[in-house]
Amino acid sequence: MTDGAVTEAAHVLVAADKFKGSLTAVEVAERVTAGLRHVVPGIEVEALPVADGGDGTVAAAVAAGFERREARVTGPLGEPVTAAYALRDRTAVVEMAEASGLSLLPEGVFAPLTATTYGSGELLRAALDAGARTIVFGVGGSATTDGGAGMLAALGARFLDADGDPVGPGGGALRDLATADLSGLDPRFADVDLVLASDVDNPLTGPKGAPAVFAPQKGASEEDVELLDAALSHYVKVLEQAIGPRAAEAAASPGAGGAGGIGYGALVGLGASFRPGIELMLDILGFTEALGRATLVITGEGSLDEQTLHGKAPAGVAAAARTAGVEVVAVCGRLALLPETLGRAGIRRAYALTELEPDTARCIAEAGPLLERAAANIARDFLS
């Protein structure tokens, strides 16, 4: 044993996010478990795949015992897609990326000005129809920058141009918005606890807003970013005329810029509250109870970097574990944080797949077997 010591009656909790592009969070847990047991056969391992509100949030809820449900909704380009949500009792986990995500676009195709969140509204309505009265709305991984206008339109809002016709899909069309009417929104939201789960706290517009920070990832040029920022600012002004000063207040609120501004739509139109995604998901998934049984926690994601420290799943897991006095190590595809930075985040040590296979392409292609090897190293260092 070289790094740390865990009691003989070890109980390992694997609470890692996905390795984007190579392994789901469930697969990460399976591979880590296999690697640990290769060195310590029969060791008690509990898997609790986690997510921070973005891609993989529904899958994490299903792995924790929620029922997977599906609905046919409108995709980001207007085509029909099948989207999943998770339901347990009267609580639903809805992931906007399932209906309006970047992953739904054909490879190499982007639509920064016209991609719509209409399907996300339809997915929320499906959760309501299924009886949900608490909805965790995970936002992230979007193809859209429409301020949630498409989502609100699907739920009964009207956004009209100067001729009285509905404006087109996407954020770009909001520059033509003349009037907004939210009076037709689904009245069931008045009795629903809708919680916005996001790993970003950006406002809607401005230098840290959704267009400036996130639209370039969705194919937006500099000109597109300027157009979208102006269109969303105009959207807020029109909404201010319709519902008063809270429209502008919501635009400046943390989380309003999440997923191309769908956070704003949820805050201003659906009465949502905002909470950091990983905190909320850890509660939903029963992390505190699982942590109480653990003697070692293994967390991780595809890339441990500066972004990890700002609301991503491994940072949330490590913070909670540190509070409980449980040691944490991490697995990742690539590591871009110094040991002292990891330590401040509550992570004792990180095991990167690139340490085992420096070739990035092979590292991604062989992520599963490499992760088993990394987990075996953890077992040798901390459990044997």
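1. How many bridges join β1 to β2? Four bridges join these two strands, which run parallel, and within this pairing Val-14 has Ala-47 of β2 as its bridge partner. Two strands are said to pair if DSSP finds at least two bridges between them, while the elements themselves are DSSP runs numbered from the N terminus, helices being H or I of at least four residues and strands E of at least two.

2. On the basis of the note: this is a predicted model, in which local features need pLDDT of at least 70 and side-chain atom pairs count only at pLDDT 80 or more, whereas totals for chains, interfaces and linings use all residues. Residues are numbered from 1 along each chain as its sequence is written, and side-chain values use heavy atoms, with hydrogens and water left out.

3. The open sheet has five strands in the order β2-β1-β11-β12-β13, with parallel pairing. Because β2 (44-47) and β13 (349-352) stand at the edges with a single partner strand each, one side of each is left without a neighbour in the sheet. Neighbouring strands are turned by 25 degrees against each other on average, direction ignored.

4. Strand β11 (residues 296-304) has eight of its nine residues buried, so it is largely enclosed by the rest of the structure; buried here means under 20% relative accessible area, with exposed over 50% and partly exposed in between, for a 1.4 Å probe and protein chains only. Three bridges join β11 to the parallel strand β1 (residues 11-14), where Leu-13 is partnered by Val-297.

5. β11 also pairs in the parallel sense with β12 (residues 327-335), over eight bridges, and Ile-298 stands opposite Val-329 in β12.

6. In helix α4 (residues 118-129), the 12 residues should span 16 Å at 1.5 Å a residue, and the end C-alpha atoms are 17 Å apart, which agrees; the expected span is 1.5 Å times one less than the number of residues. Nine of the 12 residues of α4 are buried, among them Glu-122, Leu-123 and Leu-124. After α4 comes Gly-131, whose phi is positive, near 105 degrees.

Notes:
Axes are lines fitted to C-alpha atoms, for helices over the stretch in contact, and angles run from 0 to 180 degrees between N-to-C directions.
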